[in-house]
Every structure is written in structure tokens, then in C-alpha cells.
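Please look through the structure shown below slowly, with the sequence beside it, and follow the paragraphs one region at a time.

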Amino acid sequence: GGWWVEEERVEDVHEARFSMKESMDELGQLAKTAGLEVVGMAAQRLDAPNPATLVGSGKVKEIRAEMEMLGVKTCIFDEELTPAQQRTLEREFGGIEEGFKVLDRTALILDIFSQHAASREGRLQTELALYRYRLPRLTRMWTHLERQSGGVGVGLRGPGETQLEMDRRMIEARISKLREEIEDVRVHRSRQRNARRKMQLPVVALVGYTNAGKSSLLNALTEADVLAENMLFATLDPTTRRASLPGLKISPEILITDTVGFISKLPTQLIAAFRATLEEVQEADVLLHVVDVSNPSFSAQMNAVKTVLDDLGVSKKKIVTAFNKIDLISEDELENMRFYSPVLPDSVYISTRTGSGIAALAAHLEDAIRDSLVSVDAVIPFAEGALLSAIYDKGVLDFEEHLPGGTRISALVPFYLAKQVQRFRRGGGTDSDPSQNPEIDEEDQWRMLAKKKHRTRQDHTDP
């Protein structure tokens, strides 16, 4: 069993989008996904967090009394705790020698990721995030592992007993090695993307809050056998499938990529470690934002996803919003949702379970793919017949004129074709310069990016 705690600040604009109850309910779901049974909860409203224990000393005593009464020894906080706060709270609750364990939201999410990482890529990225989290908590974590004598507890999976003898220097060396291996993964993924580009098909990336139904939608569109369960973070590894959708004329076939789900207060360690996966989002032509409308917090979840997309620098990409799981809400609720349509014109209401709205979704994707095309004006030499054929086949031709030196065309073409056409462009430029495609390459930049919007409680409590 476990107990979980929410510290609500009086003026916390950054997290105001989720109510305390919504955030607590989500923490309970996370605990359940990690294999814990939740038996109690506590909350406190504060003007400012307590630097030593996050919550007030009186609340600490109250929580300890309830834990003793219920016979539980694990307490989870819905905020990231500093190492000092974790040590103090464990001491106040009875001591790690007696088996009392204090975790925070970050440790819980990292634990879930370690359970669900199936591929080598997923395991590498999760292990890197785990080590980064543990490094400042080295002494405390190792004490836990010694006490457990081979057992695994929430927030402590991944590297196990064999690391007991490792010191800080060795752990840092392991982190360095993991970064090198993940860089190899990034290179491999880049090659995969280049190979897919040669297929000359538009790429649609599924994004959304965890458990919104992205994998179910991928299955519905492609008949792929991708794990789709009603649980948080069921999918960690990106999956790309080829799909032929009725109604698509510009490109009857597209590539659809399912990515890791987002979540409120996403740990900075994961944003940095999973950059190889998140680059799939950056490279997509169109983003398909899947929203679970049956979740009462769906508006706040949409805002959380938008924040991550802003941080990744992809919010200006063409985005189609699919309001999913309409089969789980009433007709009146669905009608009340229609007010989103004027705000989000590229939105559609669907059910992956019944198939409702999938045809309309294909129409919206058709429009989005057209809008994502790049405008070019160029003279294509006669020797570049294959390039001209690709423009005819994959682009939308606005103007064509046969000249002595080649064929002048004005057209809308996919990004990868625009890069090939660029050397033949007229007037020294195009309406949309495909070379202006910002990409975050350095890991430190990703970590800075993660901290920009997802500030931890440590920012407020460290002396």
C-alpha cells in the first residue's frame, strides 16, 4: 500500500491548469500503474513550500500518524523533492532502517518507464534518466538497495545490486557511456528517417497526453498490432507504420508514427534522455494531437501537451486535433464540446473503438498535408526528369512552362522535395525556405529546454 501527498501553493500560475484533485487523481493512477495500492491521501495549501519537508511540520506528523494506523511505509509526493527533503521526510516518518520510503512524482514516473521499456533504445534512455536522478541521491539510494537485499521497489528499478560497489566516478562514467550509446541510436534513427523519406511519403506523428488512445488510433488506421492498453505509458518506443487511407488524394499513402505520451510535470531527466524518441515529432510533416475527451481533465491535458510541443519547437507545424473516445461520453456532453471547433478548426471527433469520425479525420489529414507543403518556383533541367516526375506525383502543380533550359514549375511540394528543388529555384529563394528547419542537437540544449517550462520544486527550495 502507499500514501500520497499534494502540496498546493496559493499562487502557482504554472500548475494552475490542473486542479489539486485532478493532479492527485493522476498521481493515484501513476501509483497503480507502478504496481502500488493507494490507501490514503493528504493535501495542504501553503503560501510557500517548507524548505526542509515541502509540507508543514504539523502535516508531516499527521501523515506519519495515518501511515502508522494504516500500516503502510511508502509515501509519494506529487512534487519533485530535493535529496535533503527526501532524507528528512524518511527520518520523520520512522527511518529507512525501519523500511519507510519517501518517493516523489519523478521517481514514480521513472519507475513506470523502467517497467515498460521494451526495446534497447527505451532501456538505454530510461537507464540514463534513472542514473541522472540517482546521482545526487547516491548515498540514500544505495542504503535502500542494501536494505532490500535484492528486492526491487518503486522508484528503484533498473540498475540493481551489482552497482552497490560503484562510486560516483563510476556512475558518471556509466552516464557518459549511455550518452554515447544513445547517440548511436540517434544516428540509427536518422538513417531510418532518411530511408523513409526516400519512400516520398508524408509523415504524421501522433502526439498526446498519456493514455489518450494514440496506439489504438494507430491500430485503427494501419491495422498494426501495437500494444494498446488502458494504462499510463503503455507505449514508450516509437512505432512507424505505413497506412493507406481512403480519401487521401495528394498522397494516398502516409507514414504514421506513434510516440511516447506526455504528462504534466514531465521529469526533466526524461525529456533530455528521450530526445532520440522526441526527434520523431520534430521530423514529422503533420502532428495529430489525440485527446481523450472522456477524461474530465482533458482541457488541462491539452494545455500540458501544447507546452511540451512549444518547448520542442514544433508548435508551428500543422496540427490536427482528434477528440477521441466520444463513445464514452453522452450526446449532451459531445454537443457541449462543439465550442472547441471554432477555436480549433482542424479538429474532428472520433472513436477508435467504433470507427466513428475516422473518414472525417482522413479529410482533415488531407488538408493538413496540403498545408504542410512548401512553395517552390524553379526551372528544372531536362536532365532532372526523375525530380520533375516526383513533383508531378507528390506535389500540387500551380504553373508549368517549357523553356529552352528546362521546365519552369511553380508548385507546392513536400519538404524533402523542396530541398532537392532549392538548387534550381528562381530569384535566389522560395516562398518557404526549407533550410530553415531548426533542430536541437546538443544534449545540454535539451536539458535547458526541459528546465525552461518544467521547473522542479528544487528551484524554489534549494538554499
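Strand β5 and strand β8 (residues 286-292) pair in the parallel sense over five bridges, where strands count as paired if DSSP finds at least two bridges between them. Helices (H or I, at least four residues) and strands (E, at least two) are DSSP runs, numbered from the N terminus. This is a predicted model, in which local features need pLDDT of at least 70 and side-chain atom pairs count only at pLDDT 80 or more, while totals for chains, interfaces and linings use all residues. Residues are numbered from 1 along each chain as its sequence is written, and side-chain values use heavy atoms, with hydrogens and water left out.

As a general point, the strands of a sheet pair through backbone hydrogen bonds, either parallel or antiparallel.

How many of the residues of β5 are buried? Strand β5 (residues 203-208) is mostly covered, with six of its six residues buried, where buried means under 20% relative accessible area, exposed over 50%, and partly exposed in between, with a 1.4 Å probe and protein chains only. In the loop between β5 and α8 (214-222) you will find Asn211, which has a positive phi of about 70° although it is not a glycine. Asn211 counts as buried because its relative accessibility is 18%.

Leu54, in the loop between β2 (38-46) and α2, has a positive phi of about 70° although it is not a glycine, and Leu54 counts as buried because its relative accessibility is 1%.

The next stop is a set of antiparallel strands. Three strands form an open sheet in the order β11-β13-β12, and the pairing is antiparallel. The edge strands are β11 (374-380) and β12 (396-403), each of which pairs on one side only. Neighbouring strands of this sheet are turned by 10° against each other on average, direction ignored. Helix α15 (residues 385-394) packs on the sheet, touching β11, β12 and β13, and its direction makes about 35° with that of β13. Strand β12 and strand β13 (residues 406-413) pair in the antiparallel sense over seven bridges, and Glu401 has Arg408 of β13 as its bridge partner.

The remaining paragraphs turn to helices that pack against one another. Two packed helices are described by the angle between their axes and the distance between the axes. The axes are lines fitted to C-alpha atoms, for helices over the stretch in contact, and angles run from 0 to 180 degrees between N-to-C directions.

Helix α2 (residues 57-70) and helix α3 (residues 83-93) pack at an angle of about 55°, with their axes 9 Å apart. The two helices, α2 and α3, are therefore oblique to each other, given that angles under 35 degrees count as roughly parallel, over 145 as roughly antiparallel, 65 to 115 as roughly perpendicular and the rest as oblique. Their crossing is right-handed, a crossing being left-handed if the near helix is turned anticlockwise from the far one by less than a right angle, and right-handed if clockwise. The contact, meaning heavy atoms within 4.5 Å, is made by Val60, Ile63, Arg64 and Met67 of α2 and by Leu89, Glu92 and Phe93 of α3. These residues divide into five nonpolar, no polar and two charged, where Ala, Val, Leu, Ile, Met, Phe, Trp, Tyr, Cys and Pro count as nonpolar, Asp, Glu, Lys and Arg as charged, and the others, Gly among them, as polar.

The axes of helix α1 (residues 20-33) and helix α4 (residues 105-116) come within 9 Å and cross at roughly 40°, which makes α1 oblique to α4. The crossing of α1 and α4 is left-handed, and the residues in contact include Leu27 and Leu30 of α1 and Leu108 and Ile112 of α4.
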